[in-house]
Amino acid sequence: MTAAENVCYTLINVPMDSEPPSEISLKNDLKGDVKLKTEALKKVIIMILNGEKLPGLLMTIIRFVLPLQDHTIKKLLLVFWEIVPKTTPDGRLLQEMILVCDAYRKDLQHPNEFIRGSTLRFLCKLKEAELLEPLMPAIRACLEHRHSYVRRNAVLAIYTIYRNFEHLIPDAPELIHDFLVNEKDASCKRNAFMMLIHADQDRALDYLSTCIDQVQTFGDILQLVIVELIYKVCHANPSERARFIRCIYNLLQSSSPAVKYEAAGTLVTLSSAPTAIKAAAQCYIDLIIKESDNNVKLIVLDRLIELKEHPSHERVLQDLVMDILRVLSTPDLEVRKKTLQLALDLVSSRNVEELVIVLKKEVIKTNNVTEHEDTDKYRQLLVRTLHSCSVRFPDMAANVIPVLMEFLSDNNEAAAADVLEFVREAIQRFDNLRPLIVEKMLEVFHAIKSVKIYRGALWILGEYCSTKEDIQSVMTEVRRSLGEIPIVESEIKKEAGELKPEEEVSVGPAQKLVTEMGTYATQSALSSSRPAKKEEDRPPLRGFLLDGDFFVAASLATTLTKIALRYVSLVQEKKKQNSFIAEAMLLMATILHLGKSSLPKKPITDDDVDRISLCLKVLSECSPLMNDIFNKECRQSLSHMLSAKLEEEKLSQKKESEKRNVTVQPDDPISFMQLTAKNEMSSKEDQFQLSLLAAMGNTQRKEAADPLASKLNKVTQLTGFSDPVYAEAYVHVNQYDIVLDVLVVNQTSDTLQNCTLELATLG
């Protein structure tokens, strides 16, 4: 293998502005003062990384640079000895490396703890057993150093050497176990315990058994490793669960959020008892509430959602719905959205009343908050959640409707539209609520600001006002919203009439103007001004019509026709019938007149004219057929639409429940735990392994059978296909090392130099 193909753990960015120096000039610099030596050593490292051999410099560096005690030089030398070729072409160790080995033996005995620790970290990267063998006594001695930095790196060095060259230190597990028993520093204990987990699990369990009652007092880094060990042991041997489950329960009370999260996840996998699930879920909820990072909140919420997917766990979580709703105090919209969806999935007849009370309080809170984009969206979410609750639990609708009806006059049209959709569905489904809804609708009708909501409210009132009093109330509200009629005449009178009382005379300085002839002309200082008519003074419906929105006029005509026909059937007195119909026809006629005049900003469309004319004709004839069409078939159409929508929802819920149910085929083999071999027990997915695979972007274990297909599935495109330089990356994850394998393709016809890839971490 060439130097460029050798494994390298250190990547150094290099500006390629200048020409590479010659070997002779580097030799001279390496013999100069400390500053020159430092710069020369940096250049040597960069050149070796770029594939240069430079064998002639090895002895120069050993003679003139290696003996120096300067810390910067020592740091650079660690990088240099890591990347420099240490063997001859036939694979034998270079003679010069014996001198290097002696220098590092001295560094391992150096009085400065930083030099000792950094040297021990460097030894973890060496792959030559001949170099490591003479250093073993010095590495062992570092386990007893006074400083924790040296001791923890000594443990890592011993672990790496034991893993790669077991014959160099065969008693490593025993040595580290003894070290662990006497050690006080948390980081040293963590490294030692981690080594025992991977090197000798039985010794790790022996140590844990001796101190299992003191686990709560350990540092969080050690507690995390203990959780991992317990999970691995119980995963491989389920009979050990009873021995360690109490320890996991205790770790749920840890002060570290990371430990609590891992302990809760492990507890769920080890036990499906309701008490265990409840404790884990409660721990997750506490984490969501106390953690400030929204990403953490979303991750933990996902774990709660996973818990809910299990049928036996869902019942336990239903008792915690009110605790889950505490998460709504978070201002982030995405967190609130997931929380509301989770609460809605878990709500039952036992706790729906409490849920509705909390949601009503949240709705009222949004009124007191200064308007913000997220506030509007959150209000919309709350409305939809209350809508779903009312549909699933009809008894709640009477409590919900009065609160939601206030939102029909809201400035946020989306929230008002959701309320209107809910009200339309409720008034159709729940006959007993119709009087309440009509009463509330009439109360807020005049305050509605959006024309779309106004149209919907008109339709509901026209369709469901069934008593004489309600019909009269609707007509009164319509007249109030239209203002003085006829509209055209009243508007013209206002234009002409307001000029006199409100005309103001203001006196300003006289201006001298020059005419085309070159003579002076004087303008009068008296000027008349009429204040503009305030749009807000107009009644809402009149304002919509003058703005040119005549679609609402067509909707109004339909509503007036419906209530007029219904009024005729309710009132037997002919005079009252004719009076009501005449009033309705007058309103339609005045709207038609307005549409044809020049007062609105936009003229009325032909479709709206046809619709209003049709309604006028229907009222003039009052035929039974038209009565049926307007007062029966419209409602039947709505009923069919709502039924179809309900069927769709039921179908989707059924599919979801089928997905969640554990289906067992008749010919599936029955697994008896007592008769299962150990290797079969461990065939279940390891959660730690799964999370690592997820980080690598490989969630399917089957892909390992075809490495090429697996690799192609995990390629991430960094640039567009048509860009001058195309780049894509593949992520390698090995233990705690993450390596990006980047392919860069020059798609231009030119040779590109000094091409730099910059990666920005977002999110």
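Me: Which residue meets D171 in a salt bridge?
Reply: In this predicted model, the side chain of D171 meets that of R140 in a salt bridge, with an N to O distance of 2.6 Å.

Me: Where do D171 and R140 lie?
Reply: D171 lies in the loop between helix 9 (148-164) and helix 10 (172-182), and R140 is in helix 8 (residues 136-142), so the pair ties together parts that are 31 residues apart in sequence.

Me: What is the relative accessible area of D171, and what is that of R140?
Reply: D171 has a relative accessible area of 30% and is partly exposed. R140, with 28%, is partly exposed.

Me: How many salt bridges does a search of the whole structure find?
Reply: The search finds 19 salt bridges.

Me: Which residues are linked with D102 in a network?
Reply: R105 and K106 are linked with D102 in a network of salt bridges.

Me: What about R350, which residue does it form a salt bridge with?
Reply: The partner of R350 is D319, and their closest N and O atoms are 3.1 Å apart. This pair links distant parts of the chain, 31 residues apart: R350 is in the loop between helix 20 (333-346) and helix 21 (352-368), whereas D319 is in the loop between helix 18 (311-318) and helix 19 (321-324). R350 counts as partly exposed, at 45% relative accessibility.

Me: Moving to E306 and R303, what is the N to O distance in their salt bridge?
Reply: The side chains of E306 and R303 meet at 3.8 Å, N to O.

Me: Which helix holds E306 and R303, and how many residues apart are they?
Reply: Both lie in helix 17 (residues 294-309), three residues apart, which is about one turn of the helix. E306 is exposed, with a relative accessible area of 51%. R303 is partly exposed, its relative accessible area being 23%.

Me: Where is K297?
Reply: K297 is in helix 17.

Me: Is K297 buried or exposed, and what is its nearest side chain of opposite charge?
Reply: K297 is buried, yet it has no salt bridge. The nearest side chain of opposite charge is that of E291, 7.9 Å away.

Me: Then which residue has its backbone oxygen 2.6 Å from a polar atom of the K297 side chain?
Reply: That residue is I288. The side chain of K297 is also joined to the side chain of T330 by a polar contact of 3.4 Å.

Me: New topic: helix 13. What span should its 17 residues have?
Reply: At 1.5 Å a residue, helix 13 (residues 220-236) should span 24 Å. Its end C-alpha atoms are 24 Å apart, which agrees with that expectation.

Me: How many residues of helix 13 are buried?
Reply: Twelve of the 17 are buried, and the helix is mostly covered.

Me: Which ones are they?
Reply: The buried residues of helix 13 are L222, Q223, V225, I226, V227, E228, L229, I230, Y231, V233, C234 and H235.

Me: What about T60, buried or exposed?
Reply: T60 is buried, with a relative accessible area of 8%. It lies in helix 3 (residues 57-64). The C-alpha atom of T60 is separated by 6.8 Å from that of K27, although the two residues are 33 residues apart along the chain.

Me: On to the open sheet of three strands: what is its strand order?
Reply: The order is 5-6-7, and the pairing is antiparallel. Strand 5 (715-717) and strand 7 (737-746) are the edge strands, each of which pairs on one side only. From one strand to the next, the twist averages 25 degrees.

Me: How many bridges join strand 6 to strand 7?
Reply: Ten bridges join strand 6 (residues 725-734) to strand 7, and the two run antiparallel. Among the paired residues, Y726 has V745 in strand 7 as its bridge partner. A727 stands opposite V744 in strand 7.

Me: And over how many bridges do strand 5 and strand 6 pair?
Reply: They pair over three bridges, in the antiparallel sense. For Q717, the bridge partner in strand 6 is E728.

Definitions and conventions:
Residues are numbered from 1 along each chain as its sequence is written. This is a predicted model: local features need pLDDT of at least 70, side-chain atom pairs count only at pLDDT 80 or more; totals for chains, interfaces and linings use all residues. Side-chain values use heavy atoms; hydrogens and water are left out. Two strands pair if DSSP finds at least two bridges between them. Helices (H or I, at least four residues) and strands (E, at least two) are DSSP runs, numbered from the N terminus. Axes are lines fitted to C-alpha atoms, for helices over the stretch in contact, and angles run from 0 to 180 degrees between N-to-C directions. The expected span of a helix is 1.5 Å times one less than its number of residues. Buried means under 20% relative accessible area, exposed over 50%, partly exposed in between (1.4 Å probe, protein chains only). A salt bridge is a side-chain nitrogen of Lys or Arg within 4 Å of a carboxyl oxygen of Asp or Glu. Lys and Arg count as positive and Asp and Glu as negative; His and the chain ends are not counted. A polar contact is a pair of N or O atoms within 3.5 Å; within protein, one must be able to donate a hydrogen and the other to accept it, and residues adjacent in sequence count only if both atoms are side-chain atoms.
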